[in-house]
Structures are given as structure tokens and as C-alpha cells.
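Okay, thanks for coming, everyone. I'd like to walk you through one model today, so please have a look at the sequence and the structure before I start talking.

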Amino acid sequence: MAPTRQRNPKATGAAEIEKKIKRGNALRQGTAWKTSRVLWTVLLVVLSLCGTAAWIYMSSEDSDITEVLVSHRELVAPDPRLFSVPCSEDYENYKRYPSCTPQKCGRAVTDSVVTREEAQVLRRLAERGLGLAGSEGGASILDLHSGALSMGKQFVNIYRYFGDQIKDVFTQEDFQLYKEVRKRIQATIAETFGLDQNLMYLTKPTFFSRINSTAAKTQHDEYWHPHIDKVTYGSFDYTSLLYLSDYGSDFTGGRFIFMDQNGNRTVEPRAGRVSFFSSGSENLHRVEKVTWGTRYAITVSFTCDPAHAISDPSLP
């Protein structure tokens with residue numbers, strides 16, 4: 001019979017202690033790993049929330065629309081869609097002209113004054129004219145009345161600078177269409193606001209604009225600041241914009257925003273669309289920064305003061 005081996009109490013005690021230590025270390029390592037995983041999860045959630053908040057903060061300037069007055073997908077025809085607002089006191093600071101000075105104020109949109117085909121012709125006119133030069137920043141203008149054209153960080157007079165070459169860029173038909181469209185816009189504004197169109201006068205500045213996402217180089221490129229046309233230009237009583245390109249397909253951003261006390265309301269551009277409004281502080285507004293593509297439009301402005309009237313443009 002084999003002899004029974006006696007256990008060493010000290011060795012057994014040491015082994016048990018070692019096992020407990022290993023179990024404790026494993027338990028602590030598991031707990032530490034779980035704690036670390038929880039901490040990383042919390043950290044990722046926090047970073048995600050911070051990133052989302054930062055994105056919202058950075059994009060809030062151009063995403064604070066509370067109402068879309070007219071979408072680019074809509075066709076507003078045959079009658080303009082009018083949104084009435086109370087008139088401001090801005091017009092009291094100027095001599096009143098009966099049957100012209102705003103008594104009824106608001107903003108309106110129509111897609112039945114200018115066809116998309118006519119808008120395309122006018123856009124090609126703008127592309128040819130602005131193709132002669134253009135701003136180094138994101139906003140360029142072409143004023144057929146004064147001849148002003150953005151060139152780098154300054155303006156030149158296209159009729160003087162290019163001389164007879166200008167007849168290779170524009171045609172009499174271009175200028176005739178421009179004049180006809182201006183007359184239609186004027187008649188529509190007069191009818192919508194109950195005015196005598198013969199007592200409304202084209203005024204300056206009236207111009208083509210081309211806007212893209214290029215960073216601004218001068219203050220002339222910073223088109224996005226809120227402003228009031230009657231305060232900025234003085235002579236304005238009615239402002240209109242004829243869009244020559246489509247929001248969402250030709251460009252993104254670039255929406256026109258009315259900044260009211262109870263929210264911001266936008267009109268989304270559509271080629272051939274005319275948006276018009278009374279020019280006082282009842283229609284504080286701005287344009288979103290264009291984020292992609294190129295936005296073309298014509299600003300056509302009217303005054304009740306014949307002293308500020310300008311004539312339709314003509315080729316030299």
C-alpha cells in the first residue's frame with residue numbers, strides 16, 4: 001500500500017493566496033476594462049453631441065428659416081402671390097407722391113411675368129457680359145445703365161473700357177428684351193400694389209448679379225449682410241428680383257430671406273421668377289451665402305421721385 005503524502009500547510013496556504021490574488025487581479029482587470037469601455041462610450045457620445053452642436057452653431061447663420069413663402073418647386077401663376085405686411089414709417093421721411101408712395105406694403109412672387117426661355121436669354125447676356133471680367137470674390141455685378149462691371153477688386157465702365165468691342169458681346173435684341181421685361185415687372189408691381197405705373201420710375205442701381213461660393217475679397221463681395229433697401233439706397237420705393245437660375249440644381253444656398261420679428265421667411269429662386277416688395281424697413285432682408293454653383297439674378301428697382309429716374313440702357 002502506497003504511503004499517504006502529507007500536505008505542507010504553508011505551501012497550501014501560499015497557493016490559495018496566490019489563486020486569490022490572481023482572481024482579484026482578473027476581476028480588477030475586467031472591472032477596469034468595463035469602466036474604460038463605459039468611459040470611452042460616454043466620451044464618444046459627448047464628442048458626438050459636441051460635434052452636432054458645433055455643426056448646428058456653424059450652420060445656424062444660413063439655416064434659420066422658419067417659413068418657406070414660395071418653394072422653387074412651385075409655379076405661381078397666373079396671379080402673383082402677395083404677402084401683406086404693415087408699412088413702416090420710412091416713407092414719411094421722403095416727399096409723398098400720390099398714387100406711388102407705398103400705402104399698402106408687402107412682398108409678392110410671380111412666375112407668369114417672364115418665361116423660362118426669356119430668363120435663359122437674359123442669363124446668357126449676363127454670362128457674356130460678366131465673362132469680360134468679374135470680381136475676385138464671390139459676387140460680381142454688371143450694370144447696363146451706368147456701364148459698371150466688376151473687375152478684380154474694382155469696377156470699370158464697360159462702354160469706355162471695351163469700346164466698340166462691346167457690340168460683339170451684346171445685341172440690340174438683348175437690350176430690347178431687357179427693356180420689355182423691365183416694363184412687365186413695373187406693370188405687375190403697379191397692379192399688385194394699386195399704383196399708377198406712369199408715376200413709377202426706374203432707378204439705380206439696377207443690375208445683373210452673379211454669385212458663387214468664392215471667398216469674399218472686398219466688402220463689395222459681402223452680399224449676405226442684412227439691409228433695408230430704402231436706407232441703403234435712399235431712392236428705392238419698390239425692389240424686384242428676376243431670377244435667372246434655379247435653386248437646388250444650378251446652386252445651393254443663395255435663398256432670399258425676409259427677416260421679420262417673429263421669424264425668417266424665404267423665397268427660393270427659380271429661373272423666370274420675379275420676387276418684388278416695398279423697399280422700407282418692413283422688408284429687412286438678406287441673401288444666404290451660396291454654398292455651391294452659381295446664382296444669376298437681375299435687381300430692378302423703382303422710385304416715386306422723378307429726380308432719381310434713370311433711362312433704359314442702349315448700345316453706344
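This is a predicted model: local features need pLDDT of at least 70, side-chain atom pairs count only at pLDDT 80 or more; totals for chains, interfaces and linings use all residues.

I'll go through the disulfides, then the nonpolar cores, then one glutamine, and finish with some strand pairing.

How many does a search of the whole structure find? Two. Let's take the pair of cysteine 87 and cysteine 105, where the sulfur atoms sit 2.0 Å apart. This pair links distant parts of the chain: cysteine 87 is in the loop between β2, residues 81-85, and β3, residues 105-110, while cysteine 105 is in strand β3, and the two are 18 residues apart. The torsion about their S-S bond comes out at about 105°, so we call this disulfide right-handed. Now, are the two ends buried or exposed? Cysteine 105 is buried, with a relative accessible area of 2%.

Cysteine 100 is in the loop between β2 and β3, and cysteine 304 is in the segment after β16, residues 295-303, so the pair ties together parts that are 204 residues apart in sequence. On accessibility, cysteine 100 is at 0% and counts as buried, and cysteine 304 is buried too, at 3%. If you number the bonded cysteines in sequence order, the pairing reads 1-3, 2-4.

Okay, on to the cores. The largest nonpolar core has 44 residues, and the members that touch the most others are Leu144, Phe170, Ile185, Ile189, Phe208, Tyr238 and Leu242. Several elements give two or more residues to this core, including α2 (116-130), α4 (172-193), β8 (201-211) and β16. Which element gives the largest share? That's α4, with eight residues. Apart from this core lies another one, of 19 residues, with Val109, Ile211, Phe251 and Val290 among them.

While we're on α4, have a look at glutamine 186, which is found in that helix. Glutamine 186 is buried, at 6% relative accessible area. What does glutamine 186 contact, leaving aside its neighbours within four places in sequence? Gln197, Met200 and Phe302.

Last topic, strands. β6 and β7 form a hairpin with one residue between them. They pair in the antiparallel sense over four bridges, and alanine 148 has asparagine 157 in β7 as its bridge partner.

There's also an open sheet of four strands, in the order β1-β12-β11-β14, with mixed pairing. β1 (67-70) and β14 (285-287) are the edge strands, each pairing on one side only. From one strand to the next the twist averages 30°. Inside that sheet, β11, residues 256-260, and β12, residues 263-267, pair in the antiparallel sense over five bridges. Phenylalanine 258 stands opposite arginine 265 in β12.

That's what I had, so over to you.

Technical notes. Residues are numbered from 1 along each chain as its sequence is written. Side-chain values use heavy atoms; hydrogens and water are left out. A disulfide is a pair of cysteine sulfur atoms within 2.5 Å. Buried means under 20% relative accessible area, exposed over 50%, partly exposed in between (1.4 Å probe, protein chains only). A nonpolar core is a set of buried Ala, Val, Leu, Ile, Met, Phe, Trp, Tyr and Cys residues joined through side-chain atoms within 4.5 Å. Contact means heavy atoms within 4.5 Å. Two strands pair if DSSP finds at least two bridges between them. Axes are lines fitted to C-alpha atoms, for helices over the stretch in contact, and angles run from 0 to 180 degrees between N-to-C directions.
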